[in-house]
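Dear colleague,

Please find the structure below, followed by a summary of what was found in it.

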Amino acid sequence: MTKIALVTGATSGIGRATALVLARQGYHIIATGRRTERLEELKQEIKEVPVLTLAFDVRDKEAVQQAIRTLPEEWKQIEVLVNNAGNAHGMSPIQEGSLDDWDAMLDINVKGLLYVTHEVLPLMIERKKGHIVNIGSIAGKEVYPNGNVYCASKYAVDALSKAMRLDLVHEGIKVSEVNPGLVQTEFSEVRFKGDKERAASVYKGIDPLRAEDIADVIAFIVTRPAHVNIAEVLVLAGAQASATIASRK
Ligand code: NDP
Ligand code: 8X3
(Lines give C-alpha, C1' and ligand atoms only; values in the text may rest on other atoms or scores of the structure.)
(Ligands and ions follow the chains in the order given, each with its own letter.)
Protein backbone atom coordinates (compact mmCIF):
# COMPACT_ATOMS: atom_id res chain seq x y z
CA MET A 1 0.00 0.00 0.00
CA THR A 2 1.23 3.51 -0.78
CA LYS A 3 2.69 5.36 2.20
CA ILE A 4 2.97 9.14 1.98
CA ALA A 5 5.21 11.37 4.10
CA LEU A 6 5.05 15.17 4.13
CA VAL A 7 8.30 16.80 5.26
CA THR A 8 8.46 20.55 5.91
CA GLY A 9 11.77 22.34 5.46
CA ALA A 10 12.93 19.74 2.94
CA THR A 11 15.20 22.17 1.06
CA SER A 12 18.08 21.85 3.52
CA GLY A 13 19.62 20.06 6.48
CA ILE A 14 17.50 17.69 8.55
CA GLY A 15 14.38 17.98 6.38
CA ARG A 16 16.20 17.26 3.16
CA ALA A 17 18.01 14.26 4.69
CA THR A 18 14.70 12.99 6.08
CA ALA A 19 13.01 13.19 2.68
CA LEU A 20 15.88 11.18 1.17
CA VAL A 21 15.87 8.51 3.90
CA LEU A 22 12.07 8.12 3.89
CA ALA A 23 12.12 7.84 0.09
CA ARG A 24 14.58 4.97 0.45
CA GLN A 25 12.10 3.37 2.89
CA GLY A 26 9.45 3.51 0.15
CA TYR A 27 7.46 6.56 1.28
CA HIS A 28 6.11 8.77 -1.47
CA ILE A 29 7.35 12.23 -0.54
CA ILE A 30 5.62 15.60 -0.30
CA ALA A 31 8.56 17.99 0.08
CA THR A 32 7.94 21.55 1.19
CA GLY A 33 10.00 24.70 1.70
CA ARG A 34 10.26 28.18 0.21
CA ARG A 35 13.19 27.68 -2.18
CA THR A 36 11.64 26.20 -5.29
CA GLU A 37 14.93 25.45 -7.05
CA ARG A 38 16.08 23.36 -4.07
CA LEU A 39 12.77 21.49 -4.07
CA GLU A 40 13.23 20.77 -7.77
CA GLU A 41 16.79 19.48 -7.16
CA LEU A 42 15.51 17.17 -4.42
CA LYS A 43 12.79 15.89 -6.71
CA GLN A 44 15.41 15.09 -9.37
CA GLU A 45 17.58 13.32 -6.79
CA ILE A 46 14.84 11.00 -5.55
CA LYS A 47 14.47 8.35 -8.21
CA GLU A 48 12.83 5.52 -6.30
CA VAL A 49 9.41 7.00 -5.44
CA PRO A 50 7.10 9.80 -6.66
CA VAL A 51 7.78 13.24 -5.20
CA LEU A 52 5.38 16.18 -5.00
CA THR A 53 6.87 19.57 -4.19
CA LEU A 54 4.93 22.37 -2.54
CA ALA A 55 6.52 25.79 -2.15
CA PHE A 56 5.08 27.92 0.64
CA ASP A 57 6.12 29.94 3.64
CA VAL A 58 4.79 28.24 6.77
CA ARG A 59 4.05 31.70 8.22
CA ASP A 60 1.45 32.31 5.53
CA LYS A 61 -1.64 30.47 6.72
CA GLU A 62 -3.59 31.03 3.50
CA ALA A 63 -0.70 29.60 1.48
CA VAL A 64 -0.47 26.59 3.80
CA GLN A 65 -4.22 26.01 3.51
CA GLN A 66 -4.22 26.43 -0.25
CA ALA A 67 -1.32 24.01 -0.75
CA ILE A 68 -2.67 21.21 1.42
CA ARG A 69 -6.39 21.60 0.69
CA THR A 70 -5.73 21.38 -3.04
CA LEU A 71 -3.53 18.29 -2.91
CA PRO A 72 -4.30 15.89 -5.75
CA GLU A 73 -6.53 13.07 -4.48
CA GLU A 74 -3.73 10.49 -4.70
CA TRP A 75 -1.55 12.57 -2.36
CA LYS A 76 -4.11 13.13 0.38
CA GLN A 77 -3.54 9.98 2.42
CA ILE A 78 -0.63 11.41 4.38
CA GLU A 79 0.64 8.85 6.87
CA VAL A 80 3.65 10.72 8.25
CA LEU A 81 4.02 14.45 8.86
CA VAL A 82 7.49 15.66 9.81
CA ASN A 83 7.17 19.18 11.22
CA ASN A 84 10.77 20.23 10.70
CA ALA A 85 10.75 23.72 9.11
CA GLY A 86 12.32 26.19 11.49
CA ASN A 87 15.40 28.14 12.39
CA ALA A 88 16.99 30.37 14.99
CA HIS A 89 17.26 34.03 14.03
CA GLY A 90 19.90 35.94 16.00
CA MET A 91 21.47 35.12 19.35
CA SER A 92 21.77 37.91 21.85
CA PRO A 93 20.78 38.89 25.40
CA ILE A 94 17.05 39.49 25.69
CA GLN A 95 17.62 43.23 26.21
CA GLU A 96 19.33 43.42 22.82
CA GLY A 97 16.88 41.22 20.94
CA SER A 98 15.33 42.20 17.62
CA LEU A 99 11.55 42.21 17.31
CA ASP A 100 11.81 40.98 13.73
CA ASP A 101 13.93 38.01 14.83
CA TRP A 102 11.46 37.21 17.62
CA ASP A 103 8.54 37.36 15.19
CA ALA A 104 10.37 35.08 12.75
CA MET A 105 11.12 32.41 15.37
CA LEU A 106 7.68 32.37 16.94
CA ASP A 107 5.85 32.64 13.62
CA ILE A 108 7.87 29.91 11.87
CA ASN A 109 8.83 27.47 14.63
CA VAL A 110 5.54 27.58 16.54
CA LYS A 111 2.71 29.05 14.46
CA GLY A 112 3.99 27.56 11.19
CA LEU A 113 4.09 24.11 12.78
CA LEU A 114 0.50 24.65 13.96
CA TYR A 115 -0.74 25.86 10.57
CA VAL A 116 0.65 22.81 8.77
CA THR A 117 -0.63 20.43 11.45
CA HIS A 118 -4.08 22.03 11.33
CA GLU A 119 -4.36 21.25 7.61
CA VAL A 120 -2.94 17.73 7.72
CA LEU A 121 -4.89 16.53 10.76
CA PRO A 122 -8.31 16.19 9.08
CA LEU A 123 -6.69 13.94 6.45
CA MET A 124 -5.29 11.70 9.20
CA ILE A 125 -8.38 11.77 11.41
CA GLU A 126 -10.55 10.69 8.50
CA ARG A 127 -8.47 7.50 8.28
CA LYS A 128 -7.88 7.16 12.07
CA LYS A 129 -4.23 6.75 11.21
CA GLY A 130 -1.11 8.86 11.09
CA HIS A 131 2.17 9.77 12.74
CA ILE A 132 3.35 13.30 13.45
CA VAL A 133 7.02 13.86 14.22
CA ASN A 134 7.84 17.31 15.57
CA ILE A 135 11.43 18.49 15.49
CA GLY A 136 12.11 20.17 18.81
CA SER A 137 15.61 20.73 20.15
CA ILE A 138 17.80 20.44 23.18
CA ALA A 139 16.93 24.16 23.29
CA GLY A 140 13.40 23.06 24.19
CA LYS A 141 14.72 21.10 27.14
CA GLU A 142 17.33 23.52 28.52
CA VAL A 143 17.52 27.29 28.27
CA TYR A 144 21.01 28.63 27.52
CA PRO A 145 22.42 32.18 27.67
CA ASN A 146 21.30 34.33 24.71
CA GLY A 147 19.03 31.54 23.47
CA ASN A 148 15.91 33.16 25.03
CA VAL A 149 13.30 33.36 22.26
CA TYR A 150 14.63 30.45 20.20
CA CYS A 151 14.54 28.33 23.37
CA ALA A 152 11.00 29.57 24.08
CA SER A 153 9.92 28.55 20.58
CA LYS A 154 11.33 25.05 21.10
CA TYR A 155 9.81 24.77 24.60
CA ALA A 156 6.54 25.53 22.84
CA VAL A 157 7.20 22.69 20.37
CA ASP A 158 7.84 20.43 23.37
CA ALA A 159 4.54 21.46 25.02
CA LEU A 160 2.62 21.12 21.76
CA SER A 161 4.06 17.67 21.10
CA LYS A 162 2.92 16.47 24.53
CA ALA A 163 -0.48 18.16 24.08
CA MET A 164 -0.98 16.71 20.60
CA ARG A 165 -0.17 13.24 21.91
CA LEU A 166 -2.89 13.57 24.58
CA ASP A 167 -5.53 14.84 22.17
CA LEU A 168 -4.72 12.65 19.19
CA VAL A 169 -4.32 9.30 20.91
CA HIS A 170 -8.11 8.91 20.62
CA GLU A 171 -7.88 9.47 16.86
CA GLY A 172 -5.33 6.71 16.23
CA ILE A 173 -2.57 9.24 15.56
CA LYS A 174 0.89 8.86 17.07
CA VAL A 175 2.92 11.94 18.00
CA SER A 176 6.68 11.84 18.50
CA GLU A 177 9.23 14.52 19.24
CA VAL A 178 12.86 14.42 18.14
CA ASN A 179 15.17 16.82 19.98
CA PRO A 180 18.57 17.21 18.35
CA GLY A 181 21.67 18.77 19.86
CA LEU A 182 24.40 20.23 17.65
CA VAL A 183 23.75 19.32 14.01
CA GLN A 184 25.87 20.93 11.29
CA THR A 185 23.42 22.23 8.71
CA GLU A 186 22.60 25.72 7.43
CA PHE A 187 21.07 26.39 10.87
CA SER A 188 23.93 28.49 12.30
CA GLU A 189 24.43 30.40 9.06
CA VAL A 190 20.77 31.41 9.21
CA ARG A 191 21.04 32.21 12.93
CA PHE A 192 24.08 34.45 12.33
CA LYS A 193 22.65 35.99 9.16
CA GLY A 194 25.16 34.58 6.70
CA ASP A 195 28.28 35.00 8.87
CA LYS A 196 29.97 31.73 7.87
CA GLU A 197 32.92 32.15 10.23
CA ARG A 198 30.70 32.62 13.27
CA ALA A 199 28.51 29.74 12.12
CA ALA A 200 31.54 27.44 11.77
CA SER A 201 32.72 28.35 15.28
CA VAL A 202 29.61 26.67 16.76
CA TYR A 203 31.00 23.28 15.64
CA LYS A 204 34.70 24.06 16.19
CA GLY A 205 36.66 21.33 17.94
CA ILE A 206 33.82 18.79 18.00
CA ASP A 207 32.50 16.26 15.56
CA PRO A 208 28.89 17.44 15.28
CA LEU A 209 25.83 15.45 14.31
CA ARG A 210 25.01 15.26 10.61
CA ALA A 211 21.50 15.85 9.28
CA GLU A 212 21.48 12.17 8.26
CA ASP A 213 21.89 11.09 11.90
CA ILE A 214 18.61 12.79 12.78
CA ALA A 215 16.92 11.54 9.61
CA ASP A 216 17.83 7.97 10.58
CA VAL A 217 16.21 8.46 13.99
CA ILE A 218 13.05 9.84 12.39
CA ALA A 219 12.92 6.92 9.95
CA PHE A 220 13.36 4.44 12.82
CA ILE A 221 10.52 6.08 14.77
CA VAL A 222 8.01 6.05 11.91
CA THR A 223 8.78 2.48 10.89
CA ARG A 224 8.00 0.91 14.29
CA PRO A 225 4.97 -1.38 14.39
CA ALA A 226 1.54 0.07 15.20
CA HIS A 227 1.75 -0.93 18.87
CA VAL A 228 4.95 1.09 19.47
CA ASN A 229 5.32 4.86 19.80
CA ILE A 230 8.70 6.37 20.57
CA ALA A 231 7.34 9.50 22.20
CA GLU A 232 10.51 11.56 22.68
CA VAL A 233 14.17 11.33 21.80
CA LEU A 234 17.11 13.60 22.70
CA VAL A 235 20.02 13.09 20.28
CA LEU A 236 23.34 14.72 21.16
CA ALA A 237 26.68 14.82 19.39
CA GLY A 238 29.10 12.34 20.94
CA ALA A 239 31.20 15.17 22.38
CA GLN A 240 28.17 17.04 23.76
CA ALA A 241 26.79 16.65 27.30
CA SER A 242 24.24 19.50 27.43
CA ALA A 243 23.23 22.64 25.56
CA THR A 244 26.31 24.44 26.89
CA ILE A 245 28.83 21.68 27.64
CA ALA A 246 30.85 20.06 24.89
CA SER A 247 34.33 18.58 24.94
CA ARG A 248 36.15 20.62 22.31
CA LYS A 249 39.60 19.57 21.10
P1 NDP B 1 18.42 24.42 7.96
O2 NDP B 1 18.61 25.89 8.02
O3 NDP B 1 19.44 23.62 7.24
O4 NDP B 1 16.98 24.06 7.38
C5 NDP B 1 15.83 24.77 7.76
C6 NDP B 1 14.69 24.37 6.87
O7 NDP B 1 13.50 25.08 7.32
C8 NDP B 1 14.92 24.76 5.43
O9 NDP B 1 14.49 23.73 4.58
C10 NDP B 1 14.04 25.99 5.25
O11 NDP B 1 13.53 26.04 3.92
C12 NDP B 1 12.88 25.69 6.22
N13 NDP B 1 12.23 26.94 6.61
C14 NDP B 1 12.75 27.94 7.36
N15 NDP B 1 11.89 28.97 7.44
C16 NDP B 1 10.79 28.60 6.72
C17 NDP B 1 9.56 29.23 6.41
N18 NDP B 1 9.27 30.48 6.84
N19 NDP B 1 8.66 28.57 5.64
C20 NDP B 1 8.94 27.34 5.17
N21 NDP B 1 10.07 26.68 5.44
C22 NDP B 1 11.00 27.31 6.19
O23 NDP B 1 18.35 23.93 9.49
P24 NDP B 1 18.16 22.50 10.17
O25 NDP B 1 17.97 21.45 9.18
O26 NDP B 1 19.25 22.36 11.17
O27 NDP B 1 16.81 22.77 10.99
C28 NDP B 1 15.66 21.99 10.85
C29 NDP B 1 14.95 21.93 12.19
O30 NDP B 1 15.80 21.34 13.16
C31 NDP B 1 14.55 23.30 12.75
O32 NDP B 1 13.27 23.21 13.32
C33 NDP B 1 15.61 23.55 13.84
O34 NDP B 1 15.13 24.40 14.84
C35 NDP B 1 15.82 22.14 14.34
N36 NDP B 1 17.06 21.89 15.04
C37 NDP B 1 18.27 22.09 14.45
C38 NDP B 1 19.44 21.83 15.15
C39 NDP B 1 20.79 22.08 14.61
O40 NDP B 1 21.77 22.12 15.40
N41 NDP B 1 20.96 22.27 13.32
C42 NDP B 1 19.38 21.28 16.51
C43 NDP B 1 18.05 21.14 17.04
C44 NDP B 1 16.96 21.41 16.32
P45 NDP B 1 13.42 27.37 3.02
O46 NDP B 1 14.48 28.32 3.49
O47 NDP B 1 13.62 26.86 1.62
O48 NDP B 1 12.03 27.84 3.25
C1 8X3 C 1 19.61 23.96 17.76
C2 8X3 C 1 20.56 23.46 18.78
O3 8X3 C 1 21.94 24.10 20.81
O4 8X3 C 1 21.96 25.62 18.92
O5 8X3 C 1 18.28 23.81 18.17
O6 8X3 C 1 20.02 25.46 20.30
S7 8X3 C 1 21.13 24.73 19.75
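Asn83 counts as buried, because its relative accessibility is 3% (buried means under 20% relative accessible area, exposed over 50% and partly exposed in between, with a 1.4 Å probe and protein chains only). Please note that this is a predicted model, in which local features need pLDDT of at least 70 and side-chain atom pairs count only at pLDDT 80 or more, while totals for chains, interfaces and linings use all residues. Residues are numbered from 1 along each chain as its sequence is written, chains are lettered from A and ligands numbered from 1 in the order in which they are written, and side-chain values use heavy atoms, with hydrogens and water left out.

Asn83 belongs to strand β4, residues 78-83 (strands, E, at least two residues, and helices, H or I, at least four, are DSSP runs numbered from the N terminus). Its side chain makes a polar contact of 2.9 Å with that of Thr117 (a pair of N or O atoms within 3.5 Å; within protein, one must be able to donate a hydrogen and the other to accept it, and residues adjacent in sequence count only if both atoms are side-chain atoms). Beyond four places in sequence, the residues that Asn83 touches include Thr8, Leu113 and Ile132 (contact means heavy atoms within 4.5 Å).

Glu177, in strand β6 (residues 173-180), is buried, with a relative accessible area of 0%. The C-alpha atoms of Glu177 and Asp158 are separated by 7.3 Å, although the two lie 19 residues apart along the chain.

In strand β1 (residues 4-7), Ile4 and Leu6 on one side and Ala5 and Val7 on the other are all buried, so both faces are covered. Strand β1 runs parallel to strand β2 (residues 28-33), with 4 bridges between them (two strands pair if DSSP finds at least two bridges). Val7 has Ala31 as its bridge partner in β2.

Turning to the ligand, the residues surrounding ligand 2 are Ser137, Ile138, Ala139, Tyr144, Tyr150, Gly181, Phe187 and Arg191 (each with a heavy atom within 4 Å). Polar side-chain atoms of Tyr144 and Tyr150 each lie 2.6 Å from an oxygen atom of ligand 2. For Ser137, a side-chain N or O atom is 2.5 Å from an oxygen atom of ligand 2. Ligand 2 exposes 240 Å² when taken alone, of which the protein buries 87% (Shrake-Rupley method, 1.4 Å probe).

With kind regards
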